[in-house]
Each structure stands twice: as C-alpha cells, then as structure tokens.
Amino acid sequence: MNVAIVGASGAVGQEFLRILAEREFPIDELKLFGSKRSAGRKYMFRGKEYEVQELRHGDDFKGIDVAFTSAGAGVSKEYREDIVRYGAVMIDNSSAFRMDDNVPLVVPECNAEDALNRPLGVIANPNCTTIIMLVALKAIENVSHIKRIHVSSYQAASGAGAAAMDELYEQCRQVLNGEPVTVEKFQYQLAFNMIPQVDVFLDNDYTKEEMKMYHETRKIMHSDVETSATCVRVPSLRSHSEAVWIETERPVSPEEARELFSKQPGLKVDDCPAEKRYPMPLFLAGKDDVYVGRIRKDLANPNGLTFWLVGDQIRKGAALNAVQIAEYLIEVGNIKK
C-alpha cells in the first residue's frame, strides 16, 4: 500500500507512525505532509528517515491508496479533492465530514461495513469520546436496543494537544511552588481542578463536544437512541474516562453485561470491586483496548445499567481507530489499487 499522513508532526500524526509500525501495516511508499511550519522535519519509520512535505494543492496524492488526515477540519475540507482525486481513500480524523450524509462515520467494532459506501471518497473517524463509549455499547445493543444514554466524560489534558499537557505540568509546578499560575490552553487553571466545559457552548447550553456524542452515536448505531452528555476536563495527562448509564428495552443484568463485554472485540473487562479493581487512566495510556469496570444495576431504572470506561483517546480514540478502518478495507479487498 502507498500511504500518506497529513498532519504528520501532530500528536495524532506521530501516533499514526507508531501504530502503523507496531501493527506491521503493509506499506510500500510513505509520504508525510504538514504545514509550512512543519515542512522539513524528519521522522524515522521502520529504520528509514522520512521528511515532511508542505501540504499544497496539486498532484502529490497521485498513486496514494490510503491517506490518514489529522490536521483540522479546515485543512480536511480544503484538500479533500486533492487527496481523493486519483482514488485514494481519505480516512479523516477531524470533525469536517462526520455528520455529512455522504460520508460514513465508522467504529470498526460497531459498523465496519459502513466504510464500504463512501461517495466522497472519505471515511470519518468519530470523536474520541464517542468511539470509547460505542465500543462498549455495541455489545449491549446486540441483545437489547439501547433507548437512552446518560454519560459524563472525564477528559485528559492531552485531548487538547501536547501544549495542553505541558501547561498542566507547568501549572502543577507553579501551584506547588506558590507561583502565579499560567492559563492559556484551558478556560481556567486545570491543575488540582476540574473544568465542566470541553469545547464551546451552543444555544442549548450543551457544549459542542457533548452534542457530538449525541449526533455521532445515532449515526454510527443507526439508531433513535437519545444521549445526554456532560463533558469535563480533568487534570490527568492521557486517556479519557466515562461514567455511562444506559436504559435498554429489556433489563440486562450486570452478569449478562459482563459476559457480553468479555466477548466484545476491542473491549477488556477489569471489574472486581472486592479487590478494588477497575480501569484508571493512569495505567491505561498506550493501550489499544477500551477497558470497562464498575458494572452494576442502575438503582434508579429497572431497565438500567451503569458502568465505567477508560480508553486512550489518542490511540483508540483517534489514530488506532483510523488504522483499523484501513485494515478492514484491505481485509475485504475494498481499497482500489
């Protein structure tokens, strides 16, 4: 396969390189693209050095089979035609096309086959919080339709980028040293705090991040499910956590849920209250799977179930999910050579 990465110098772009190497993705030719600022940077991949080219309009994607794009919605929209013109499959990690009716929105464990129908040549990667949640929900939806979801996310600083992680480190140092705290990447000081706002507020007083979970879940699950989310930025560095409450058409017991979760691809059960075992972001950075624990009956709803999820939002919530989409297309022989 001839592969391109757009946004190669960013956190997700770098994760693409690691995951493609780890999973031995079949690559004959690799091209790296970035902004004018990133052009000229060099990265090692499988023992060979590659230089980032400046992304320009033209024929640079001729001969490319798969293009992984993670440079922001504006860049994805501007360069889509250049990328797909000669038949490349564009797997886009931005929000640019997620809700476009002509673009499939795919979590491979849930709706891989949707990737086969892509009129614009684009497959969209969902928002990280949606991906983490739906890997688990698919297991339940298979046996009883999910009618309602309430979810609260606890999102790591890295979800706002590498500079945001650096700011959290610096804020912690400043607080401990009694110095004035620098606030640039977040609405408020994040160190020793939580901020109940991820992204901007919309007219209904939900944030854009929260409404992504509402709309994307319905599209991916092909469902009328209703989702109400509260997204919170917390002072952890990497991996997002989610507390989830669902209402199903028939009751699903915790025992049945554990069995279903244990068989779900991409999901690992870590749930033993007696031994104080449950997923935590500190220990799950760099892991491919989503982890589920605290599985129990919802005491406020006879058809309710509640559980706790943790997933690395840069891996499964971004780069890994996109690579898995490409692997599926190769497996079914759906990438045009």
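This is a predicted model: local features need pLDDT of at least 70, side-chain atom pairs count only at pLDDT 80 or more; totals for chains, interfaces and linings use all residues.
The loop between strand S11 (267–269) and H8 contains Lys276. This residue has a positive phi, near 55°, and at 64% relative accessibility Lys276 is also classed as exposed.

**Other positive phi values**

Most residues other than glycine have a negative phi. Arg46 is an example of a positive value in a residue other than glycine, with phi near 55°. Arg46 is placed in the loop between strand S3 (42–45) and strand S4 (48–54), and its relative accessible area of 44% makes it partly exposed.

**Helix H6**

Helix H6 covers residues 208–221.

**Salt bridges**

Side chains of opposite charge can pair when their charged atoms come close. The count of salt bridges in the protein comes to 28.

| Salt bridge | N to O distance |
|---|---|
| Glu22 and Arg315 | 2.7 Å |
| Asp288 and Arg315 | 2.8 Å |
| Arg85 and Asp59 | 3.5 Å |

Glu22 forms a salt bridge with Arg315. This pair links distant parts of the chain, since Glu22 is in helix H1 (residues 11–22) and Arg315 is in helix H9 (residues 315–331), 293 residues apart. Glu22 is partly exposed at 49% relative accessibility, whereas Arg315 is buried, with a relative accessible area of 5%.

Arg315 also meets Asp288 in a salt bridge. Here the partners are 27 residues apart, with Asp288 in the loop between H8 and strand S12 (290–297) and Arg315 in helix H9. Salt bridges that share partners join Glu15, Arg18, Glu22, Arg23, Arg238, Asp288, Asp312, Arg315 and Glu327 into one network. Within it, Asp288 is partly exposed, with a relative accessible area of 29%.

The side chains of Arg85 and Asp59 meet in another salt bridge. Arg85 lies in the loop between helix H2 (73–84) and strand S6 (89–92), and Asp59 in the loop between S4 and strand S5 (66–69), so the pair ties together parts that are 26 residues apart in sequence. Both partners are partly exposed, Arg85 at 43% relative accessible area and Asp59 at 46%.

**Overall architecture**

The protein has nine helices and 13 strands. A compact globule of 337 residues would have a radius of gyration near 20 Å, and the protein agrees with this at 20 Å. Its C-alpha atoms fill a box of roughly 60 × 55 × 40 Å along the principal axes. Of the 337 residues, 55% count as buried. The accessible surface comes to about 15100 Å², and 49% of it belongs to carbon and sulfur atoms. Among contacts between residues at least 6 apart in sequence, 65% join residues at least 24 apart.

Definitions and conventions:
Residues are numbered from 1 along each chain as its sequence is written. Side-chain values use heavy atoms; hydrogens and water are left out. Helices (H or I, at least four residues) and strands (E, at least two) are DSSP runs, numbered from the N terminus. The expected span of a helix is 1.5 Å times one less than its number of residues. The radius of gyration is taken over C-alpha atoms; the globule rule is 2.2 Å times the number of residues to the power 0.38. Buried means under 20% relative accessible area, exposed over 50%, partly exposed in between (1.4 Å probe, protein chains only). Contact means heavy atoms within 4.5 Å. Accessible areas come from the Shrake-Rupley method with a 1.4 Å probe; for residues, only the protein chains shown count as cover. A salt bridge is a side-chain nitrogen of Lys or Arg within 4 Å of a carboxyl oxygen of Asp or Glu.
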